[in-house]
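Subject: Handover of a structure and the findings on it

Dear colleague,

Please find below the structure that I am handing over to you.

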Amino acid sequence: MTRPNPDINTATMHPARRYNYWLGGKDNFAADRASGDLVAAAFPGIRDAAKANRAFLGRAVRFLAGEAGIRQFLDIGTGLPTAGNTHDVAQNVAPESRIVYVDNDPIVLAHARALLTSTPQGRTAYIDADARAPEEVLAASGIEILDFNQPVAVLLVAVLHFFPDDDVAKHVVETLVAAMAPGSYLAMSHAAARLLRPDAEQLVRTAVAAEPFKLRTDQEVAEFSAGLEVVAPGIVPVQRWRPDPGQEVLEDHNIGMYAFVARKVR
């Protein structure tokens, strides 16, 4: 069984930089790569999962900016800039879109401010905040950037599994949803317990034992959509959420994540 490596200083590792490593990026440190390799040894599909999750973000934002007509996006836990950022996708559909990125890693924010720009018609901003304090996130993003009296899309993509305390995770979602105007959307992906092979689930739990992490079931993920109208195809494995024509759809146990997009009706 894979066990945590005592030589890895998880205090210097950050999930956003580890995610960047899995996506093939260059903006990561030795601790991020070591931690990423440890998880990959337990769950070899993690790199495919990271790419599938990133692809879901793109499809969800394209749906929200296009079919759903959303022009405001709050991307929480954005991670390091790479191809297909939220503002790239949204402003390609609707140049006037406004996007606020939220992260609490100074390196993420430094890269974001340097690399992410906006169309002249829209706006892009970056907030240094912790999602565990959603009231602060809302207050900061509402200052001359987002109008919460109008529909907004809140993105929690691969974020809440780092909140193992169910009460904290629910508070985050409930606070954000309460602030959203009718016609707003919540888009989420989450590491899944039931989609992994039993041996892989235990290995992943062991590999990330040194950091807060929780795999949740489909029913537990569904609880985050309470009071919202989940759009088709529902709460599904992340790679099965509206795949593009001709896109290869990998087996669920190779990805191990659920996803959904849901609308606030009233």
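The paragraphs below set out what was found, beginning with the whole chain and then turning to individual parts.

Please note that this is a predicted model. The chain holds 10 helices and 8 strands. Of its 266 residues, 55% are buried. The exposed surface comes to about 11500 Å², and carbon and sulfur atoms supply 51% of that area.

As a general background, nonpolar side chains in soluble globular proteins tend to be buried together. The largest nonpolar core in this chain has 39 residues, and those with the most contacts inside it are Phe56, Leu64, Phe73, Trp241 and Val261. Several elements give two or more residues to this core, including α1 (15-22), α2 (30-42), β5 (185-191) and β8 (257-263). The largest share, 11 residues, comes from α3. Another core lies apart from this one; it has 36 residues, among them Ile145, Leu160, Val172 and Leu195.

Which residues does phenylalanine 56 touch, leaving aside those up to four places away in sequence? They are Val157, Met188, Ser189, Val238, Trp241, Ala259, Phe260 and Val261. Phe56 also forms one aromatic cluster with Phe63, Tyr185 and Trp241.

In one of them, the rings of phenylalanine 63 and tyrosine 185 have their centres 6.0 Å apart and their planes at 85°, so the pair is edge-to-face. Phenylalanine 63 lies in helix α3 and tyrosine 185 in strand β5, so this pair ties together parts that are 122 residues apart in sequence. Both phenylalanine 63 and tyrosine 185 are buried.

For tyrosine 101 and tyrosine 126, the ring centres are 6.0 Å apart and the planes stand at 10°, so this pair is stacked. Tyrosine 101 belongs to strand β2 and tyrosine 126 to strand β3, so the pair ties together parts that are 25 residues apart in sequence. Tyrosine 101 counts as buried because its relative accessibility is 1%, and tyrosine 126 counts as buried at 17%.

Helix α4 also packs against several elements. Its buried residues are Thr86, His87, Val89, Ala90 and Gln91. These residues pack against α3, β1 (72-76), β2, β3 (123-128) and β4.

Finally, there is lysine 214, which is placed in the loop between α8 (198-207) and α9 (218-222). Its side chain makes a polar contact with the side chain of aspartate 166, at 2.9 Å. Leaving aside residues up to four places away in sequence, lysine 214 touches His161, Pro164, Asp166, His190 and Glu220.

With kind regards

Technical notes
Residues numbered from 1 in each chain as written. Predicted model: local features only at pLDDT ≥ 70, side-chain atom pairs only at ≥ 80, totals over all residues. Heavy atoms only, no water. Helix = DSSP H or I, 4+ residues; strand = E, 2+ residues; numbered from the N terminus. Buried < 20%, exposed > 50% of the residue type's maximum accessible area, 1.4 Å probe, protein only. Areas by Shrake-Rupley, 256 points an atom, 1.4 Å probe, with all protein chains shown as cover. Core = buried A, V, L, I, M, F, W, Y, C linked by side-chain atoms within 4.5 Å. Contact = heavy atoms within 4.5 Å. Polar contact = N/O pair within 3.5 Å; in protein donor to acceptor, adjacent residues only side chain to side chain. Phe/Tyr/Trp six-rings, centres within 6.5 Å; stacked < 30°, edge-to-face > 60°.
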